[in-house]
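We will go stop by stop: select, look, move on.

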Amino acid sequence: MQPITSTYRLQLRPESPTLDDARKLADYLQDLGVSHLYLSPILTAVAGSTHGYDVTDPTTVSAALGGRAALAALVADLRARDMGVVIDLVPNHVGVDRPQENPPWWDVLRNGRRSRYADFFDIDWTQGRFAVPVLGDDGATALTIDRTGPEPTLAYHERRFPIAPGTDRGDPAATHDEQAYELVHWRSGRVGYRRFFTVDSLAAVRQEDAAVFDATHGEVASWIADDLVDGVRVDHPDGLADPAGYLTRLRALVGPDRWLVAEKILTHGESLDPALPVDGTTGYDALAEFGGVFVDPAGEGPLSELHREFTGDAGDADVLAAAERDTRREVLRGGLEPEVDRLVEAIRRDVHVTVDTTSLTGAVVEILSRIPTYRTDYGPTAGVLATSAGSAAHARPDLVAALSAVTGAVLANGEAATRLQQVCGAATAKAVEDRLFYRTARLISLQEVGGNPGRFAVPVPEFHLMQAERAKSWPSTMTTLSTHDTKRGEDVRARIGVLSQAAELWARSVREWETITPSPDPATGLFLWQTMFGVWPTDGEPTSLMRARLHDYATKAVREAAVHTDWASVDEEYEDRVHHWIDSVVGGPVARSMANVVRRLAPHGQVAALGQKLLQLVAPGIPDVYQGTELWEDSLVDPDNRRPVDFVVRRALLAALDPLDAVDESVKMLVVREALRLRRERPWCFVGGSYTPVFADGPTADHMVGFLRGDEVIALAARLSISGFGRRRDGTVVRFPPGRWIDRLSGREFEGTVELSDVFVGRSVLLLARR
């Protein structure tokens with residue numbers, strides 16, 4: 001196995017890039033300094049899938065991506081370059097949107113409880129016929145029987161469903177009534193199986209069953225046996241019945257030495273359970289730290305006041321805590337209602353209570369609305385459930401009997417205890433990242449997966465303590481700045497974060513723009529003004545393509561917010577007003593003013609973007625570079641962040657890259673290349689290497705953040721650049737450790753004590769290696 005010093009995330013697609021296309025990128029990635037190619041899911045997924053998280057056959061490598069032979073060829077090419085492969089694994093769910101493409105699901109639909117796959121999925125067999133929500137407003141009357149294939153099937157428009165042997169009655173309705181499944185309206189609130197969050201087309205898998213684990217991990221086991229992969233990334237383990245048990249079983253499968261990271265989302269103040277047999281998380285905790293240290297706390301007051309003016313509240317920690325409880329209640333009684341209903345019935349079975357369903361449901365909702373983490377059954381979250389139950393009892397004394405029933409079911413440690421944890425994680429994701437973070441808008445760069453926008457900035461001392469702890473406890477964890485799940489790209493976040501340094505300017509500008517071109521409603525306007533600022537080109541108005549991307553993003557944002565419109569009940573009139581407003585901004589008088597603000601602040605956004613990039617690449621952990629982010633990027637939320645990457649441009653820039661001439665487009669690539677190469681050259685400085693803060697001394701000492709790795713590598717980054725730092729000599733100095741230090745980004749040498757304004761000359765970041 002090749003030692004992992006960094007990864008490069010590549011999103012594979014049936015059209016391109018495939019596994020063969022990835023092989024053609026190997027020389028480019030090697031030259032960039034990458035040690036491992038980190039692939040999106042490669043198992044067979046729904047035909048045409050652009051992401052691979054809707055696996056239909058976990059026993060085969062997707063033929064659309066090139067198949068097993070292409071994977072083996074890719075690995076061989078990478079190994080010849082002293083590189084390797086990390087694979088993204090999806091254990092929680094499979095794709096069932098087209099049942100005929102998923103043989104186990106098809107068999108369960110056809111044979112019901114008699115199917116050999118009946119225990120493969122988390123199906124509610126207590127319903128009798130289990131509900132499959134696929135019908136539209138035309139309902140079951142639109143069902144027909146398709147007799148064109150080898151056996152007849154029930155047809156609902158383009159969808160096909162199996163007919164159990166001996167149940168074809170000739171009449172579609174009568175035949176449907178005979179099946180083990182019942183096709184119901186997609187908005188009926190009836191779902192007969194556990195899902196991935198609220199996605200009906202992703203059915204959950206029972207990995208707690210050893211036979212199911214073996215059946216779904218046979219191909220993975222063969223990769224290990226044939227030594228094809230060096231690491232595994234586990235998608236959404238919190239959805240599983242027993243995440244710790246699953247990860248223990250997976251660790252036994254992949255062996256003690258392969259890299260294993262889990263997409264465990266840690267909320268603020270939560271630490272990863274040291275008992276888990278993993279090397280760390282997928283890096284959202286680190287993302288918040290690298291971005292937060294470039295946010296200016298001085299902007300909190302003005303931006304809070306602007307938020308209050310537009311929304312009626314300050315958008316601070318206290319407000320968000322209350323709002324989070326409200327959004328959790330909304331999703332628990334809305335999109336997650338089927339999961340809550342099933343949990344309530346499990347409670348009733350586990351403790352045989354006579355409490356009415358309404359009270360039990362209320363108790364479940366009240367407890368789950370107060371839990372601040374994805375789950376409460378990891379070591380570091382011990383006591384959270386008890387605290388939440390106590391809080392619910394104080395707030396709702398009328399539910400004490402029902403709360404006691406929930407408590408009894410949890411202590412019985414049966415089905416209800418498991419389902420409560422699974423629903424808890426889904427509620428956190430849907431209520432916070434996918435709802436609350438689209439409603440609040442004090443500084444939207446802080447509204448990221450695992451983020452805490454109630455805390456405005458990460459002070460430098462806190463940042464250093466966090467990195468030192470990571471170096472000590474999780475030296476091989478993944479760190480990241482962008483993923484396929486981030487709400488906006490890393491450079492967009494960095495530019496928006498600069499508004500904390502120019503809060504008064506921003507507030508004046510927004511007030512002026514709202515007078516000229518009023519938004520459909522103030523809260524949505526405040527959110528989308530920041531979004532447009534984050535992606536607005538520095539050379540003028542957005543192109544037609546950018547305008548289309550803004551419209552797509554706005555549609556998703558207002559539906560996720562679910563205030564004026566949502567996915568289930570679209571308010572076309574409101575959405576039309578939003579889109580008309582965007583067009584009026586882009587093509588109207590505000591555009592010039594927006595462009596002026598962008599031209600003024602964008603250079604400082606690049607300072608923050610380069611700074612957070614350098615820190616991420618050099619700090620403790622294994623850094624991942626999301627596809628394309630070695631250059632400036634302006635991605636928004638999925639699917640915008642999975643757009644094809646122009647590697648022709650990147651290959652040409654890398655080939656011509658000269659540290660002395662790297663400016664504008666290529667300077668970010670220079671930072672990436674030199675940091676990754678340095679990791680590859682001196683791995684002992686990083687994983688397992690020490691972490692020591694480097695402080696400046698003087699009036700503007702707070703405008704720098706830096707650290708020493710393994711006594712041989714120093715990373716320094718300017719921060720809060722709008723204040724004018726770097727243009728004056730004020731006596732602030734940096735004292736370098738003994739020796740001569742060469743900046744890999746400029747070739748300059750440093751030693752001894754140096755004026756801070758002389759350190760950041762022509763560059764806002766330095767990557768120094770001891771000669």
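Predicted model: local features only at pLDDT ≥ 70, side-chain atom pairs only at ≥ 80, totals over all residues.

Where is the place of His236? Select His236: its place is in the loop between β14 (231-234) and α8 (243-254).

Residues are numbered from 1 along each chain as its sequence is written, and side-chain values use heavy atoms, with hydrogens and water left out.

**Stop 1**

Most residues other than glycine have a negative phi. Is His236 buried or exposed? His236 has 10% relative accessibility, so it counts as buried. Buried means under 20% relative accessible area, exposed means over 50%, and partly exposed lies in between (1.4 Å probe, protein chains only).

Now select Phe197. Phe197 lies in the loop between β12 and β13. The phi of Phe197 is near 50°, a positive value in a residue other than glycine. Phe197 counts as buried because its relative accessibility is 14%.

Which residues does Phe197 touch, not counting residues up to four places away in sequence? Show His236, Leu336, Glu339, Gly425, Ala426, Ala429 and Lys430. Contact means heavy atoms within 4.5 Å. Next, draw a distance from Phe197 to Gly534. They are 337 residues apart along the chain, and their C-alpha atoms are separated by 29 Å.

**Stop 2: the sheet beside that loop**

Select β6, β13 and β12. These 3 strands form an open sheet in the order β6-β13-β12, with antiparallel pairing. Two strands pair if DSSP finds at least two bridges between them. The edge strands are β6 (93-95) and β12 (195-196), and each pairs on one side only. Look at β12 and β13 (residues 199-204): they pair in the antiparallel sense over 2 bridges. Pick Arg195 and find its bridge partner in β13, Ala203.

**Stop 3: a second sheet**

Go to β20, β23 and β26. Here is another open sheet of 3 strands, in the order β20-β23-β26, and its pairing is antiparallel. β20 (696-697) and β26 (753-755) stand at the edges with a single partner strand each, so one side of each is left without a neighbour in the sheet. How many bridges join β23 (residues 733-735) to β26? There are 3, and the two strands run antiparallel. Val733 has Glu755 in β26 as its bridge partner.

**Stop 4: helices α12 and α13**

Select 337-351 for α12 and 357-368 for α13. Their axes come within 10 Å and cross at roughly 110°. Axes are lines fitted to C-alpha atoms, for helices over the stretch in contact, and angles run from 0 to 180 degrees between N-to-C directions. α12 and α13 are therefore roughly perpendicular to each other. Angles under 35 degrees count as roughly parallel, over 145 as roughly antiparallel, 65 to 115 as roughly perpendicular, and the rest as oblique.

Show the contact. α12 brings Val340, Leu343, Val344, Glu345, Ile347 and Arg348, and α13 brings Thr357, Leu360, Thr361 and Val364. These residues divide into 6 nonpolar, 2 polar and 2 charged. Ala, Val, Leu, Ile, Met, Phe, Trp, Tyr, Cys and Pro count as nonpolar, Asp, Glu, Lys and Arg as charged, and the others, Gly among them, as polar.

**Stop 5: helices α15 and α16**

Move to α15 (residues 400-412) and α16 (residues 415-439). Their axes come within 6 Å and cross at roughly 105°. That makes α15 roughly perpendicular to α16. Val406, Ala409 and Val410 of α15 meet Ala416, Ala417 and Leu420 of α16. The residues of this contact divide into 6 nonpolar, no polar and no charged.

**Stop 6: two cis peptide bonds**

Most peptide bonds are trans. Select Ser16 and Pro17: a cis peptide bond joins them, with omega about 0°. Pro17 lies in the loop between β1 (7-10) and α1 (19-24). Then select Asp638 and Pro639, also joined by a cis peptide bond, with omega about 5°. Pro639 lies in the loop between β18 (622-626) and α24 (647-655).

Note on methods: Helix = DSSP H or I, 4+ residues; strand = E, 2+ residues; numbered from the N terminus.
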